[in-house]
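Please look at the sequence and the 3D structure shown here. The paragraphs below lead through them step by step.

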Amino acid sequence: MGICTSSEKFVQECRYTHAATEKLGVLLVNIGGPENLNDVQPFLCNLFADPDVIRLPKLFKFLQRPLAKLISIPLAPKTKQRYAAIGGGSPLRRITDEQADALRTALEAKNLHANVYVGMRYWYPFMEEAIQQQIKWDRITKLVLLPLFPQFSISTTGSSIRVLQRIFMDDAYLLRLPVSVIRFWYRRQGYIRSIADSIVTQLSKFEKPEEVLIFFSAHGVPVSYDENAGDPYKDQIEECIYLIMREHRVGPVQWLKSEYLVELGRKGVKSLLAVPIRELGRVPALDCTSSFITDLADAVVEALPSAKSLSILRETAKGSDCR
């Protein structure tokens, strides 16, 4: 259903025309977050009940939910304090809704009309609700699953694919729905450039940018995911940092990974004193940065030709979720 006018970049030159009966859907997936302090404990329980977050041996799978509750109850008070410090709840739903609106607009600018949905893994609106109550209700005829996780991990994108499979397997309509999964997108030039540009902007605020030490932080996963399950997350994070710094090109700026602190612990360091520094900056999340959203729209356009029904998707997921 694409019309290519030249051999130049596919995303820029391809424009999709739609039959009256065709309806495209894009499902943005994120982890979700508690909207108020009362939501914190059940949110944590849902998180730890995910078998891709806490991986139990098959023999003990029946303990998944009880264990999740056991962990979440004592953890909730300190977690509530952290959310209270940022206003009493997570801003993730608001930000993801804004990204959905921005993505819809960016797709419209490419003459691609799509319904963009938001589905969360561990809090409202759940993925299940988005699929059963919105996507199915709207009779979408082609779906792009876009997890908002740049790098692939068993516990994020892999978990999202598993939920999608489970829902689709029990529904004849969904089982026939062509789906394309964007498994990771950290290598996309638009994403890399958007982060590099943001770094440059923040560096320009320092008195001596060339002397600034850049510290990258990222969510961690258990070592067993990498060593025993083949999770590519750690390698993809490191490659992503390399690509950002290569794009950055500001000369001899150093960068420091969080493993440095782990290494101190291995060397027996039990205490650490943080000395106040003269200047401290923080690179903000991309959120709805125009160049970033445009790149996500390009990713959606590029993913459309590969959309297949669940029978094919299942084979893709078996290789991608590293189980």
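How many salt bridges does the count come to? With a salt bridge taken as a side-chain nitrogen of Lys or Arg within 4 Å of a carboxyl oxygen of Asp or Glu, the count comes to 16. Side chains of opposite charge can pair when their charged atoms come close.

The model is predicted, so local features need pLDDT of at least 70 and side-chain atom pairs count only at pLDDT 80 or more, while totals for chains, interfaces and linings use all residues. Residues are numbered from 1 along each chain as its sequence is written, and side-chain values use heavy atoms, with hydrogens and water left out.

The protein chain has 13 helices and 8 strands; these are DSSP runs numbered from the N terminus, helices (H or I) of at least four residues and strands (E) of at least two. Of its 323 residues, 44% are buried, where buried means under 20% relative accessible area, exposed over 50% and partly exposed in between, with a 1.4 Å probe and protein chains only. A contact means heavy atoms within 4.5 Å. Among contacts between residues at least 6 apart in sequence, 78% join residues at least 24 apart.

One of the salt bridges joins the side chains of Asp50 and Arg121, at 3.0 Å from N to O. Asp50 lies in the loop between helix H2 (40-48) and helix H3 (64-85), and Arg121 in the loop between strand S4 (114-120) and helix H5 (127-135), so the pair ties together parts that are 71 residues apart in sequence. Asp50 and Arg121 are both buried.

Another salt bridge is formed by Glu239 and Arg187, whose closest N and O atoms are 3.2 Å apart. Here Glu239 belongs to helix H10 (residues 233-248) and Arg187 to the loop between strand S6 (179-181) and helix H8 (189-203), 52 residues apart. Glu239 is partly exposed, with a relative accessible area of 28%, and Arg187 is partly exposed at 48%.

Helix H10 is also linked to helix H8 through Arg193 in H8 and Glu247 in H10, 54 residues apart. Arg193 counts as partly exposed at 38% relative accessibility, and Glu247 does so at 25%. Elsewhere, salt bridges that share partners join Asp50, Asp52, Arg55, Arg121 and Arg162 into one network.

Next come the strands. In strand S5 (residues 142-147), 6 of the 6 residues are buried, so S5 is largely enclosed by the rest of the structure. In a regular strand the side chains alternate between the two faces of the sheet. Lys142, Val144 and Leu146 point one way from S5, and Leu143, Leu145 and Pro147 point the other way.

Two strands pair if DSSP finds at least two bridges between them. Strand S3 (residues 24-30) runs parallel to S5 and is joined to it by 6 bridges, with Val26 opposite Val144 in S5. S5 and S6 also run parallel, joined by 3 bridges; Leu143 has Val179 in S6 as its bridge partner.

Finally, the axes of H8 and helix H12 (residues 290-303) come within 8 Å and cross at roughly 170°. H8 and H12 are therefore roughly antiparallel to each other, a term for angles over 145 degrees. Where they meet, Gly190, Tyr191 and Ser194 in H8 face Ser291, Phe292 and Asp295 in H12 through contacts.

Definitions and conventions. Axes are lines fitted to C-alpha atoms, for helices over the stretch in contact, and angles run from 0 to 180 degrees between N-to-C directions. Angles under 35 degrees count as roughly parallel, over 145 as roughly antiparallel, 65 to 115 as roughly perpendicular and the rest as oblique.
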